[in-house]
Amino acid sequence: MTTPRGRVAVYPGSFDPLTNGHVDIILRGARLFDRIIVAVLRNAEKHPLFSAEERVQAARDVFAEYANVEADSFDGLLVDYAHLKQATAIVRGLRAVSDFEYELQMALMNRRLGPEIETVFMMPAEQYTYVSSRLVKEVFALGGPVTGLVPEIVEYRLREKRSQAQQDV
Ligand SMILES: Nc1ncnc2c1ncn2[C@@H]1O[C@H](COP(=O)(O)OP(=O)(O)OP(=O)(O)O)[C@@H](O)[C@H]1O
Ligand SMILES: [Mg+2]
């Protein structure tokens, strides 16, 4: 099979916000594929903290110096989006056994919907195995430090969100 634009992978998720766990997986994917597209799922949650545009922008900012890492948003079926981007792989991260069951279901459903697209799982560095966007938001909302759990830009934008929210009250 010819792949004129190289091997393309999509890494879908809500990334609300992007954590260092996500960054770890993206860096691993960037080594494995010619291009990796961080694909922000729109409307996954009814009330995300960051808009889809803000989440895409955060990924673009963090990976500004990586020519083969892109960020975009999508909705609808992931396999349709993957086809649109001529991607042959879906990248997902596995933190713990607890991720496995859901990820297996998704991977098998996506295989049924798009048999030519392979799901590739990767494990993050151990220090990120407990990091999730939900937990980061919870800790931050309660005033706890999130330094080291998210990229600096994301930490800064979390602060911005908090001061905006305080002004809106
Ligand atoms: N710390 C991490 N290490 C490895 N993979 C991760 C990590 N956090 C998320 N992922 C993976 O990244 C993909 C996208 O995840 P998602 O955007 O749902 O992040 P999340 O941190 O699980 O967010 P939420 O807490 O809102 O569910 C999934 O495959 C998920 O397993
Ligand atoms: Mg999740």
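A pocket, as the word is used here, is an open set of grid points where a 1.4 Å probe fits, with protein on both sides within 12 Å along at least five of seven lines. Keep that in mind as we walk through this predicted model.

Let's start with the sheet. Five strands make up an open, parallel sheet, in the order β3-β2-β1-β4-β5. The edges belong to β3 (69–74) and β5, and each has a single partner strand, so one side of each is left without a neighbour in the sheet. On average, neighbouring strands are turned by 30 degrees against each other, direction ignored. Within the sheet, β1 (residues 8–13) and β2 (residues 35–41) run parallel and are joined by six bridges. V10 stands opposite I37 in β2. Across β2 and β3 lies helix α2 (residues 52–62), which runs at about 170 degrees to β3.

Now for the largest pocket, whose volume is about 880 Å³. Its lining counts 34 residues, and G13, S14, H22, R92 and R95 are the closest to the centre. Two or more lining residues come from each of β1, α1 (20–32), β4 (89–93), α4 (97–113) and α5. The most come from α4, which gives six residues. Sorted by class, the lining has 15 nonpolar, 11 polar and eight charged residues.

One last stop is S132, in the loop between β5 (118–122) and α5 (133–141). Why does S132 count as buried? The relative accessible area of S132 is 16%, and buried means under 20%. Leaving aside neighbours within four places in sequence, S132 is in contact with T19 and R95. R95 is also among the residues closest to the centre of the largest pocket.

Terms used: Residues are numbered from 1 along each chain as its sequence is written. Chains are lettered from A and ligands numbered from 1 in the order in which they are written. This is a predicted model: local features need pLDDT of at least 70, side-chain atom pairs count only at pLDDT 80 or more; totals for chains, interfaces and linings use all residues. Side-chain values use heavy atoms; hydrogens and water are left out. Helices (H or I, at least four residues) and strands (E, at least two) are DSSP runs, numbered from the N terminus. Buried means under 20% relative accessible area, exposed over 50%, partly exposed in between (1.4 Å probe, protein chains only). Contact means heavy atoms within 4.5 Å. Two strands pair if DSSP finds at least two bridges between them. Axes are lines fitted to C-alpha atoms, for helices over the stretch in contact, and angles run from 0 to 180 degrees between N-to-C directions. On a 1 Å grid over the protein atoms alone, a cavity is a set of points where a 1.4 Å probe fits but cannot get out, and a pocket is an open set with protein on both sides within 12 Å along at least five of seven lines; lining residues have an atom within 4 Å of a point. Grid points are joined across faces, edges and corners, and a volume is the space filled by probe spheres set on the points. Ala, Val, Leu, Ile, Met, Phe, Trp, Tyr, Cys and Pro count as nonpolar, Asp, Glu, Lys and Arg as charged, and the others, Gly among them, as polar.
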